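Biologist: I would like to learn how to read a model like this one. Could you walk me through it?

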Amino acid sequence: MCHGDGDEVCRMSAQQLVLRQRAELVRTLCCGGTSEPLESVLDLLLSWGAFVWEDYLNVCGPGKTLCSRTRELLDLTYSKGDSACSSLLTAFSHVLPDAQKNNLNLGAFCAVQNAQETPLCATLTLLSDRRVLVAKLRNCVTEALDVLVQKGLLTSPECEEIQLPVYTASQQARRLLDLVKFKGEGVATVLLQFLQKIQITALPHATNEKCIIPASVTDYQKKLCSSISAQSHFLSTYSGTGKFSLDDIYTEGLLELGQTCSNTLVSLSLEDVVGAVGTLNVEADTVLVSGEAGSGKSTFLQRLHQLWARKTVLQNYLLLFPFSCRKLNTEHRELSLKELLFLHCCWPDGDQNELFQFLLDHPHMVLFTFDGLDEFKQTFADDQRHCCPTQPAKIPILFFNLLQGSLLKGVRKLVTSRTEAVPFTLRPYLCKEVLLKGFSPDGIDCFVKKHHSDPGVASRVLESLQSNTALLGLCHIPVFCWIVSKCYKELLGSSNTGPQTITDVYLMVLQHFFHHRTSKGKGLGKSWVQEHCRTIMALGKLALQGLEHSHYIFSETEMQNIGITEEDIGKGFLIQNQNILDSKHYEFLHLTIQCFFAALFITLHNDSNDIHTVAKLFQTQCRSTGCLGICQARKCDEPGTETSNFQITSMFVSGLLSQCHHSLLVQCCPIQALHKKCKQVVKCVSKGMHNHFKSIPRPVKDEKKSMHAMPDFVWLVKCIYEMQDSELAKNVMARLEADHLKLTYCNIGPLECTALAFVLQHLKGPVGLQLDSNSVGDVGVEQLLPCLHVCHSLYLRNNNITDEGIAKLVQKGVHCEAFKKIALFNNKLTDGCTQHFSYLLKTKQNFLSLRLGNNNITAAGAEQLAEGLRGSTSLQFLGLWGNKVADAGAEALAHALEDSRTLEWLSLVDNGVGSVGARALARVIQNSTTLKELWLNNNCITRTGVQYLVQALEKNSSVTSIWLRGNSLSKEEVEEFSTRESRLTF
């Protein structure tokens, strides 16, 4: 489909269309990390006769990467001419889900292929019906092999070769078809006779119908439900800080599909997470739920467990086995899969063998959940296969083989992890990724009200948040929202503006816990850090040692060796782990609390090596091995967990060393030592930024210099913000020489927007700031306003922005001379935003580009926008693709644009525009001397409407193209108008 955004080329020739969309076609077939889409396309090309067997072998040769094979497919198809390219586009249409086809122009070539003649022999049938045969075979390869072996047509070594665990079910089916074809007509006939008895298997979850459940399994399910229900009754995260019923406190976060081949982010319900929605790799069984630290992943999983145990969701899964990666770290024995399930989840009262056999026979009725992959000590590896469920192995081997499907293929696995800690080697085994993006503004409001039974207190807390937008930006992350709600007395009693940075918030937590554990009647004095310094340093040492070894659960012995007392435990920062029953083990309230105490230890510890410790903390490609961060080089294939933890810690160190906290910390550390460490942080951050800027490639001729931010860039920006050092920000930005900053898919939320604005406002000159596909939202938009004066362009596609955010943006934007372009594709805008944009267009007479595609703007909004268009003397680009303006809206816009002397590009694709609207737009064409492109694809324009456009073009020489694909025209009418006017594109 062609959307008319100017970045997609649509051609009528299939061969040229394949050539022009080459990069997009490669990305579409490769983005899921699996070869299944490519192989399915090849199956169809073989069956339709577009490819011969030698072509198939050339593309699928051994040793080639997925991208290499995909490019070879496109090259070979292109060389065969237009007919083969037409077949290729048709195959794409058959294989790809709708979400992945949205950004591709498959032209008029995606019709069903003409039926082939009935094959004269069985071996030819294997080719002509290849895709259907693969679908039939994929779930019965073993049975088919048994039949062929029994008849003496295949040998056992041949069967073992086909069923190697490195191959997916579909690949095993294809290898069997290839071998049978090679062996000849007799073997092919036997296989086809076997397959005639097999019905094509639907999606895995459909196989659960009419399954007889043994009594032992039913009994075990009841026990499992009872156990999980008890474990999930109270909020487990931050437990020990007050007993909250999960029903009373749980607040839904924003769930969206991760990066897909579509430009549109899809919101999900809890049930959708493990469902078929958004699946990219049908061969994989593992779903990843990712989010930043504190985004609510563990609580989300706890809620899912609770609702499953109540039988209100996911009832196609008979059994659910929950695992904690922290607990798995403590298991050092070699276990079989059966032992792992029953020892770590729920011990069965009945026959274990019968229960386990049912699980093996019905894997699609089972769900495993693994919480905290980022906290698992070992990195994911796929080089050590383990396929036997009864053979003991080390826990990492069992875990990794479960995730990749070598063990219990067909069982759905749900894994949570911080996004930055997900190893790239795991991604080919993911069927999809779901992003947990924390609370929406309504979610923050809901959580605070649930946390406080007194409506008056809740109202005061929310009022305080609304008056402190920096703190409100933090609260979209649930852990910060919990902290603010927990420490509301400190927040409301603050005499200054309140917390501004993450470090401020965690110092408030520290103060809160010490205050509430102090004897009644005795408050905290100004020297409260000094009074509790011994406890802070002991907990800090434990925290740092744990981070250095990916260690999050501590035994009593470990804590005693460091000097932690019962009194220290009683302060509330450590809670007892409830999953380990044989002895007492403790963990910090939250990973971020552990990182904060580690930062306190690094900041307050007075030693000659402290400067080196700070420096090594900012070396992101290192990992620590000693108590004070003695680093060694980090291998490229190791996990990013330590790096991620130390980046959080380094942000806290930056914040603690801020000038505003020196008076508090000098009670425990000499001021000279604090100054030295502060200078070291400034040096490290400056050097890191400078190295990042040096990596910016030189621009291509006639193009502007663009910087695509790497993950470390956002981290360093946050460190600068935590220090609240404007001079550092100014010096760093003075070195940046780029016209465009691209931060797409960088997990930018309101918190990051606050930090970016703090730093970017010191840029030497205006830049284009691209923040597409993040979680900016209305709060983030407000946080970006301080740097709007240095943005000539602002790209905020896919960011959940509403009319409320636009009101604040426009209010600031009209006073920013440099601000000239904005793109807001696929947000949550309605007609309410158009009054603000109308004001912007009338007021700001150097504004050039307004793109509002794929929102919810109707004819009423178009009429409101038209008022601003009439007063604009500068607008060049107007994009309203995918809205609902219809004829009335098109007429209003056309009347406003009739006398425009600046408009060059207009898109009303997919807006329900008919011939009445086309007639109005024809007057724009007739009068304009600047318009070059008009996009009207996917509307309902008839022959009459096109006739108006043709007549207008006769009086206009500036228009180069009008796009009219997907309108209400017959094939004959398309041919007629194409002949009459070459500037019409159908």
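Biologist: Let me start with a cysteine: is Cys787 buried or exposed?

Modeller: First, some ground rules: this is a predicted model, where local features need pLDDT of at least 70, side-chain atom pairs count only at pLDDT 80 or more, and totals for chains, interfaces and linings use all residues. Residues are numbered from 1 along each chain as its sequence is written, and side-chain values use heavy atoms, leaving out hydrogens and water. Buried means under 20% relative accessible area, exposed over 50%, and partly exposed in between, using a 1.4 Å probe and protein chains only. With a relative accessible area of 1%, Cys787 is buried.

Biologist: How many disulfides does the structure hold?

Modeller: A disulfide is a pair of cysteine sulfur atoms within 2.5 Å. The structure holds zero of them. Cys787 has its nearest cysteine sulfur, that of Cys791, 4.5 Å away.

Biologist: Now the strands. How many residues of strand β5 are buried?

Modeller: Helices (H or I, at least four residues) and strands (E, at least two) are DSSP runs, numbered from the N terminus. In β5, residues 412–417, six of the six residues are buried, so the strand is largely enclosed by the rest of the structure. Arg412, Leu414 and Thr416 point one way, while Lys413, Val415 and Ser417 point the other.

Biologist: Which strand do five bridges join to β5?

Modeller: Two strands pair if DSSP finds at least two bridges between them. Strand β2 (residues 286–290) is joined to β5 by five bridges, and the two run parallel. Here Ser290 stands opposite Ser417. Strand β4 (residues 366–371) also runs parallel to β5, through four bridges, with Phe368 opposite Lys413. From β4 the chain crosses through helix α20 (residues 395–404) to β5 in a right-handed β-α-β crossover. Right-handed means that, with the strands pointing away from the viewer, the path from the first strand over the helix to the second runs clockwise.

Biologist: And which residues have the most contacts inside the largest nonpolar core?

Modeller: A nonpolar core is a set of buried Ala, Val, Leu, Ile, Met, Phe, Trp, Tyr and Cys residues joined through side-chain atoms within 4.5 Å. The largest has 268 residues, and Phe300, Leu743 and Phe837 have the most contacts inside it. Its largest share, eleven residues, comes from helix α31 (residues 591–604).

Biologist: Last one: how many residues of helix α36 are buried?

Modeller: Eleven of its 13 residues are buried, so to speak mostly covered. Among them are Phe713, Trp715 and Tyr721.
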